[in-house]
Amino acid sequence: MTIEIKTATIQPRRQTYANVARRIGADKPASRYDESMFDLQATGEFHYRPTWAPELELFDARRTAIVLEDWHVLRDPRQFYYGTYTITRSRMMEATEKAFAYAERRGHVAGISPEWLQSVHHYLLPLRHYEWGANMNNCNITDIGFGSAITEAAMFATMDRLGIAQVISRIGLLMDGGTGASLSAAKQTWLDHASWQGLRHAMEDLFVAPDWFEVFVAQNLVLDGLLYPLVYRGFDEAGLAHGGASLSPLTEFMLDWFDETSRWVDAVIGAAARESAANASHLSGWAAQWSARARDALLPIATDVLGPQAEAAIDTHMADLAARCRKIGLAV
Amino acid sequence: MNAMPPLPKQRKLSLKERYAHLTRGLGWETTYQPMDKVFPYVSYEGIKIHDWDAWEDPFRLTMDAYWKYQAEKERKLYAVIESFAQNNGHLNITDARYVNALKLFLTGVSPLEYSAHRGYAHVGRHFVGAGPRIACQMQAIDELRHAQTQIHTMSHYNKFFDGLHDPRHMHDRVWYLSVPKSFFEDACSAGPFEFLTAISFSFEYVLTNLLFVPFMSGAAYNGDMATVTFGFSAQSDEARHMTLGLEIIKFMLEQDEANVPIIQKWIDKWFWRGYRLLGLVSMMMDYMLPKRIMSWAEAWEMYFEQAGDALFEDLSRYGIRKPKYHEVASKEKHRLSHEVWSIFYNYTHAAAFHTWMPTEEEMTWLSAKYPDTFDKYYRPRFECWTEMQAEGKRFYNPTLPQLCVTCQIPMGFTEPDDPTTICFRSADYKGERYHFCSDGCKDIFQNEPEKYIQSWLPVHQIYQGNCGGAEVKDVLAWYHLNFGTDNFDYEGSPDQKLWEEWQAQKATNPV
């Protein structure tokens, strides 16, 4: 049974904004994502060249080798706009807060063997700087990327990476009793320890890479695509034998985030690759080149954590990443 | 395996230190790439920063808290937006003329929120200090929020009223919208320090009460539940943005004495640029709101003259004085809105909102609020136009106006000391003559001529054939402005006809 409340009906004169109607092909009710995503960025009639890049327009499609007829094909399958984005993250964070509250009540990350705890300090905490680097790279895409579809989602990714850096830092504070000593030590590791220099070097090279789409591929597809499964699945599983299970709920956020965000990353790169052979060739080249670099950068850390099994483990993840690339239309 | 020494025994961190670890502690000095290549834009404006660590975080917000608070606000806001649509909330506004203020807002202001989002992302990437970068990133995503929630809030109005259907397209093309567009592109094309002086300080801190607040208060006074809910929801974001504005200016001033004259010049420029932009708000406040909040002159006195006095007195210890030409703005406060509304009345055929002549009751209000100017200069003009209209000879200005190269407003402002003479200024540069509405706009041009000779001036563009054709109708089609629907007077518009039908429906039972 249904009940029906009578309301005065007034015929709307149009269903959505004209730019949205043009894009979805008719004046019909549009999603909130479409209404607040399409065409927000100016594409012409610019007044002044940026003083910081006088050879280009304020927003300029020529900042990447990727060429798209319509930049709004780079849609986000999660259909995030600000409201749905913050509500999703706030829900995910609720679970993480419970995990922290539980761990904090017990005063420390209980049951982890001292050797493994040291390993966690070594492999996990310096990653807060990697996340900060990923924040910078995505912020750069938000800044110089083209079109409101990609830049909007890159903004969310920017804040995600700051959030994840803060989750990692809080794990450090949990382990060091709130003194911050673990974080200072992790920064030294990031800056000086031989095993970490490959990754730091790669990140610093990305900071100055001119093509933002290359940065997108290198950071969000390749480096994350190898690092997240290796660290948050591989290392986490290796820790189980050493009582590391109590750490897992604290990094659950990262795994959920990675699974969700990969859908976006794959959709963006897939859409660009489908548009032209030239695009696919650029994207494949970047993926291949950065995959090799990511492997070299992560192998020393994996070796520190996994010992002789590191090479086999990393190659399994490399194979998974290659399969993922092929699935979205890249030749690697 | 790494040889990590045991951690030294230390005391627990204070909240401030903890926040530092969670934010600025994440950054590092790069060595594989030189710092000046990673952050290439922080020196060319001449601002000297010796110690980025001296930055005081204006608010301590980590992402977990940010997501939580903002998600809570979003849930509430969207509940109201939905209920507003479900209950045809647009029927409860004071009068359909009010919607014209929303048209101005959605086409003129909402796109600026988006531009701010991108501008703060630029600074959020390029400042050297991680602390200020995070504050800028938070504002970048907040501004995206404002652009998106405004589009969602007004979406319901777009279904029932004209002129709201293509805001971004119009913003980039329509003649009077080049005023806000060029304002923001001026800021975004500047270096990171000038951008923050322009937007965080001059715009958000000094002038926000004269831009954002009048629109939101206008919504509250005129029964627009949806927009005012957005306004309340954005209030705490705006408070953070204002705090950042004051913090950044103090930070720059404290870092090096040589920064002071550079910043003073920017404050002068962005005060005047912002003030000219507010001309659109002045007419909204005095003419477009069926139920008015306060007059433009009162708002200027309260929010600039009084609040500004206190602020600049505080900044005088750094050697900063009040912005140049603030006294001109104060002289103009009794005529600004009348002059701007007259321009739009002249060009109503080319505007994406409706105009009208004030009713006798409204003229009484204007006389009371502007005792020295309204009856003397503007009432006779408006009465004449009203009479002409009654005789079927409604006055239109058929020629395209000359625009000020800097602010891009038609040259309709009067001399600071003579409200009966139009103010013209000009300057020669590289063999061309450029025209300005004021000394303020002329100064801005002369300080950066290479920038302003690039201005995309709508009237020039029309004459150059870049705007769809030579006839008004061609240009309006290029604007996506529906002739006979979106433009002309409110009287006789489809908006008015439908509004009256809805009111009649509300009052009677269906047969």
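A residue counts as buried here if 20 or more other C-beta atoms lie within 10 Å of its own, as exposed if 12 or fewer do, and as partly exposed in between, with C-beta atoms placed from the backbone. The legends below describe a predicted model, in which local features need pLDDT of at least 70, side-chain atom pairs count only at pLDDT 80 or more, and totals for chains, interfaces and linings use all residues. Residues are numbered from 1 along each chain as its sequence is written, while chains are lettered from A and ligands numbered from 1 in the order in which they are written.

**View 1**
Let us start with α9(A), which covers residues 212-240; helices (H or I, at least four residues) and strands (E, at least two) are DSSP runs, numbered from the N terminus. Of the 29 residues in α9(A), 24 are buried, so the helix is largely enclosed by the rest of the structure. Its end C-alpha atoms are 39 Å apart, which agrees with the 42 Å that 29 residues should span at 1.5 Å a residue; the expected span is 1.5 Å times one less than the number of residues. Look along α9(A) for a kink of about 45 degrees, centred on A:D224, where the bend at a residue is the angle between axes fitted to the seven residues ending there and the seven starting there.

**View 1. The largest nonpolar core and a separate one.**
A nonpolar core is a set of buried Ala, Val, Leu, Ile, Met, Phe, Trp, Tyr and Cys residues joined through C-beta atoms within 7 Å. The largest has 239 residues, and A:V217 and A:L298 have the most contacts inside it. Helix α9(A) gives the most to this core, with 16 residues. A second, separate core of 6 residues includes B:L77, B:I81, B:F84 and B:F230.

**View 2. A:V217 and A:I269 with their contacts.**
Two residues are in contact if their C-beta atoms, placed from the backbone, lie within 7 Å. Leaving aside residues up to four places away in sequence, A:V217 touches A:V222, A:I269, A:L283, A:W286, A:A287 and A:W290. A:I269 sits in helix α10 (residues 248-275) of chain A. With 27 other C-beta atoms within 10 Å, A:I269 is buried. Its own contacts, again not counting residues up to four places away in sequence, are A:V217, A:L221, A:L283 and A:I328. The C-alpha atoms of A:I269 and A:S284 are separated by 9.9 Å, with the two residues 15 apart along the chain.

**View 3. The side of chain B that touches chain A.**
Chain B brings 73 residues to the contact and chain A brings 75 residues. Among the elements of chain B that give two or more residues to this side are α1 (15-22), α3 (63-86) and α6 (130-160). The most comes from α6(B), with 14 residues. On the side of chain B, the residues divide into 28 nonpolar, 25 polar and 20 charged; Ala, Val, Leu, Ile, Met, Phe, Trp, Tyr, Cys and Pro count as nonpolar, Asp, Glu, Lys and Arg as charged, and the others, Gly among them, as polar.

**View 4. Helix α6 of chain B.**
Here is α6(B) on its own: 31 of its 31 residues are buried, and the helix is mostly covered. The end C-alpha atoms of α6(B) lie 46 Å apart, in agreement with the 45 Å that its 31 residues should span at 1.5 Å a residue. A kink of about 35 degrees is centred on B:M154.

Two strands pair if DSSP finds at least two bridges between them. Strand β1 (residues 414-415) of chain B pairs with β2(B) in the antiparallel sense over 2 bridges, and B:E415 stands opposite B:D418 in β2(B). These strands, β1(B) and β2(B), form a hairpin with 2 residues between them. None of β2(B) is buried (0 of its 5 residues, 418-422), so the strand lies largely in the open. Strands β3 (residues 425-429) and β4 (residues 432-436) of chain B also pair in the antiparallel sense, over 5 bridges, with B:A427 opposite B:Y434 in β4(B). Their hairpin has 2 residues between the strands, and B:K430 in the turn has a positive phi of about 50 degrees.

Most residues other than glycine have a negative phi. A:D39, although not a glycine, has a positive phi of about 65 degrees, and phi of A:E45 is near 55 degrees. A:D39 lies in the loop between α2 (32-37) and α3 (82-105) of chain A, and A:E45 is in the loop between α2 and α3 of chain A too. A:D39 is buried, with 22 other C-beta atoms within 10 Å, whereas A:E45 counts as partly exposed, with 17 C-beta neighbours inside 10 Å.
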